[in-house]
Amino acid sequence: MPMPPSGSIVLLTGAGISAESGVRTFRDAGGLWEGHRLEEVATPEGFAANPGLVQTFYNARRAQLKEVQPNAAHAALARLEAEWPGRVLLVTQNVDDLHDRAGSRNLIHMHGELRKARCTNCQTIHPWEGALTEATPCPRCERKARLRPHIVWFGEMPLEMPRIFEALEGADLFAAIGTSGVVYPAAGFVEAVGPTCHTVELNLEPSAVISAFKEHRQGKATELVPAFVDALLAQ
């Protein structure tokens, strides 16, 4: 895996990295999220139709974050950012805060963050630890029934896409970790890099887009990622 000594690295992480910390995906093999259809709890239309249900669903996910900790894979990626002489951008599809707690700072939560709330009236984003209800007022504009989870739902545009694609175009190395390769636009990131970029997939099982990667390694993220980082830093 030859790399320029200060080359640019872009990392993409998905549910597989947080699953090893015990973060539940909430979505079963039948596509139901905690017994609810995706349209009910993960779309703007679902929120408009039943905000109480959606708030309860995400309150449970937010509360679960208190029960989990970053694992060795999260820690290794934070170490890579701290010690690599070039640029390291970490893009995560996960809405948990395990990368943040592990120490990653040049980090994009492209699908939003559980521990934040957004006001649909004044558009302010607030850190949020507790439960949200329909009666919760916005700390800024004080309007009630306007706060929603700061989550990118199906049908909405992921966050900071121009910044992500700019980084991909200039990357010397792109690595996808713990991703399924079925959720776009993230599944297409491997196709957005330049022709000289080295691409590698680290996954428990082959993703849906594994053929697009020049290299792939199979196993647990907590084992693959620390070894991957050690090899990069030893160059």
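Visitor: How many helices and strands does the protein have, and what makes a run count as one?

Guide: The protein has eight helices and nine strands. Helices are DSSP runs of H or I with at least four residues, strands are E runs of at least two, and both are numbered from the N terminus.

Visitor: Why is the protein called as compact as a globular protein of its length?

Guide: Its radius of gyration is 18 Å, close to the 18 Å that the globule rule gives for 235 residues, so the description holds. The radius is taken over C-alpha atoms, and the rule is 2.2 Å times the number of residues to the power 0.38. The C-alpha atoms fill a box of roughly 55 × 40 × 30 Å along the principal axes.

Visitor: What kind of model is this, and how are residues numbered?

Guide: This is a predicted model, where local features need pLDDT of at least 70 and side-chain atom pairs pLDDT 80 or more, while totals for chains, interfaces and linings use all residues. Residues are numbered from 1 along each chain as its sequence is written, and side-chain values use heavy atoms, without hydrogens and water.

Visitor: Why is S104 called buried?

Guide: Buried means under 20% relative accessible area, exposed over 50%, and partly exposed in between, with a 1.4 Å probe and protein chains only. S104 has 2% relative accessibility, so it counts as buried. S104 is found in the loop between α6 (98-102) and β3 (107-109).

Visitor: Which residues does S104 contact, leaving aside its neighbours within four places in sequence?

Guide: They are L77, A78, E81, L90 and H99. Contact means heavy atoms within 4.5 Å.

Visitor: How much of the whole protein is buried?

Guide: Of the 235 residues, 50% count as buried.

Visitor: What makes strand β7 mostly covered?

Guide: β7 spans residues 173-177, and five of its five residues are buried. Both faces are covered. L173, A175 and I177 lie on one side, F174 and A176 on the other.

Visitor: How do you know that β7 pairs with strands β1 and β8?

Guide: Two strands pair if DSSP finds at least two bridges between them. β1 (residues 9-13) and β7 have five, in the parallel sense. L12 stands opposite A176 in β7. β7 and β8 (residues 198-203) also pair in the parallel sense over five bridges. There, the bridge partner of I177 is L202 in β8.
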